[in-house]
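Please read the numbered points alongside the sequence and the model.

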Amino acid sequence: MSSGKESYIIVGAGIFGVSTAYYLIKQYPNASVTLVDRDAFDAETRVAASWDWNKVVRADYDDIVYCELALEAQDIFKSDPLWKPYFHETGLIWTCRDDYGRAVIDNYKRLGRKADIKVVSIEEARKMYGGLFDSADYTGVKEVLINPTGGWGAAGDSLRAITREVLRLGVKYEVAEVATLLLGKDGQCSGIKTTKGKVLKASHTILSAGAYTATLLEYSAVNSGLPNIAAGFRVVAGGITTGMAKLDDASHAIYGSMPVAFQGYTPKQGPFIGSLPPTPGDHEMKWWGPTIFKNTREVLPGHFVSSPPPKPDYAQWEVSPRLKDDIKHANHVFYGKKTAHWKLEKHRICWDAFTTSGDFIVSPHTASKGLYIATGGSFHGYKFFPVIGKYVVQMLEGRLSPELTAKWAWDRQRPDPALSPDFPRFEMRDLVGPVRTSKL
Ligand SMILES: Cc1cc2nc3c(=O)[nH]c(=O)nc-3n(C[C@H](O)[C@H](O)[C@H](O)COP(=O)(O)OP(=O)(O)OC[C@H]3O[C@@H](n4cnc5c(N)ncnc54)[C@H](O)[C@@H]3O)c2cc1C
């Protein structure tokens with residue numbers, strides 16, 4: 001690997017793929033590195049989970065590995081001129097219905113990190129930020145985590161900018177839909193074939209196709225006659241609804257300097273939901289909802305996989321009334337009646353790759369030489385954009401720490417999905433019905 005003459009095809013130009021391209025080309029300026037994506041990097045809209053308006057950038061993890069990794073990423077977001085324009089340090093507020101906040105504070109301490117991070121009572125939280133969250137739903141809340149060092153990243157803007165930078169550094173970008181991996185009878189991977197029949201060959205193929213990863217592996221398993229290529233239970237496509245409200249000047253004067261806000265729930269209750277501050281130019285505030293779902297469909301005769309809808313845009317703008325209602329619910333649990341009159345629009349179903357532990361997959365594929373997997377964002381991957389590629393390159397070189405090698409392995413012990421609040425619990429076909437009102 002050290003000659004620098006190797007060739008790399010990276011399928012998927014989301015944060016996993018682009019960050020990998022960035023670290024590869026920095027380390028091996030003479031290597032051939034090609035990103036392949038179905039969407040142009042500067043397209044008006046993209047299917048990538050990483051393509052979006054605003055995404056949370058936080059280090060508030062009860063898992064110390066992600067806490068440390070997120071701090072490493074945040075340091076880059078805050079200091080490196082390439083990333084700095086896209087980070088907004090608004091701070092964050094997080095209602096905790098268990099001991100999550102204390103576990104986060106403990107992790108900061110163990111990592112020797114100084115920040116004005118604390119838990120406050122519900123009464124205090126109601127008064128903070130000019131009473132912005134005085135009407136929030138505090139049912140079952142034990143305490144509220146406050147971290148002034150968190151914030152959000154301009155996701156789509158940063159993705160475009162860093163992709164531009166990797167192109168400037170010599171990475172190639174091919175707009176094409178990958179139909180299958182090229183696999184020999186012994187499982188050796190030599191590249192990819194696009195749906196238009198174009199073949200691209202490389203010594204290393206890195207699959208960072210996000211929510212489409214399992215589908216592409218299923219196609220490749222069937223095409224090659226090698227069933228062990230398939231993902232099986234390792235990584236599953238899941239969808240979540242986001243929605244936005246465009247604030248008028250009066251509302252923007254109140255919410256313009258708000259922190260990122262979370263409603264945290266116990267694993268039994270369900271996933272945490274969030275409210276993101278308005279974007280600077282368009283004054284658009286964003287929420288994501290509590291329902292995370294699969295879309296299990298027959299991708300090939302007899303082969304059932306959770307896969308985004310089979311349309312070029314994943315049908316991401318076709319959001320059912322039931323799922324739009326998720327955003328209404330999210331608005332309500334943060335601001336109560338105060339913002340109930342806001343027009344919620346720009347609903348999008350965002351598809352990501354989920355693992356049952358929420359741990360990424362950054363690993364050689366155990367059934368194929370030359371094939372590597374870097375995915376599994378599990379609804380929390382964006383914030384690692386500035387660093388994840390460094391670890392993917394370490395994996396490619398066999399230098400990844402034993403701890404991360406085990407945590408992010410293709411083959412590893414996987415916890416029961418029932419224990420994970422973020423693992424998809426529903427099927428999309430069951431969510432097309434009428435509006436649910438019980439939670440409001
Ligand atoms: C609603 C929502 C909100 C989120 N909010 C946050 C947040 O606030 N903070 C945070 O840190 N994380 C957040 N995440 C998670 C984060 O966005 C993802 O984990 C991360 O962006 C995943 O990046 P990726 O590179 O794995 O996949 P993606 O960004 O999805 O990229 C995969 C790429 O592969 C391409 N591709 C797929 N199949 C093919 C094919 N066959 N041929 C060619 N190209 C292909 C796609 O076009 C796409 O560009 C959120 C996710 C969602 C869904």
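1. Basis of the note. This is a predicted model, in which local features need pLDDT of at least 70 and side-chain atom pairs count only at pLDDT 80 or more, while totals for chains, interfaces and linings use all residues. Residues are numbered from 1 along each chain as its sequence is written.

2. Overall form. The protein chain contains 10 helices and 24 strands (DSSP runs numbered from the N terminus, H or I of at least four residues for helices and E of at least two for strands). Its radius of gyration is 21 Å, close to the 22 Å that the globule rule gives for 440 residues, so the chain is as compact as a globular protein of that length (the radius is taken over C-alpha atoms, and the rule is 2.2 Å times the number of residues to the power 0.38). Along the principal axes, the C-alpha atoms fill a box of roughly 65 × 50 × 40 Å.

3. The ligand shell. The ligand is surrounded by 39 residues, the closest being Gly 12, Gly 14, Gly 210, Gly 377 and Gly 381 (a residue is near if its C-beta atom, placed from the backbone, lies within 6 Å). Elements that each supply at least two residues of this shell include helix 1 (15-27), strand 2 (32-37) and strand 14 (236-246). By class, the shell has 20 nonpolar, 11 polar and 8 charged residues (Ala, Val, Leu, Ile, Met, Phe, Trp, Tyr, Cys and Pro count as nonpolar, Asp, Glu, Lys and Arg as charged, and the others, Gly among them, as polar).

4. An open sheet of 6 strands has the order 9-2-1-13-23-22, with mixed pairing (two strands pair if DSSP finds at least two bridges between them). Strand 9 (172-175) and strand 22 (361-364) stand at the edges, each with a single partner strand, so one side of each is left without a neighbour in the sheet. Strand 22 pairs with strand 23 (residues 371-375) in the antiparallel sense over 4 bridges, and Ile 361 has Thr 375 of strand 23 as its bridge partner.

5. Another open sheet consists of 3 strands in the order 3-8-4, with antiparallel pairing. Strand 3 and strand 4 (87-88) are its edge strands, each pairing on one side only. Strand 3 and strand 8 (residues 151-153) are joined by 3 bridges, and Lys 55 stands opposite Gly 153 in strand 8.

6. Strand 19 (residues 296-300) and strand 20 (residues 303-306) run antiparallel and are joined by 4 bridges. Thr 296 has Ser 306 of strand 20 as its bridge partner.
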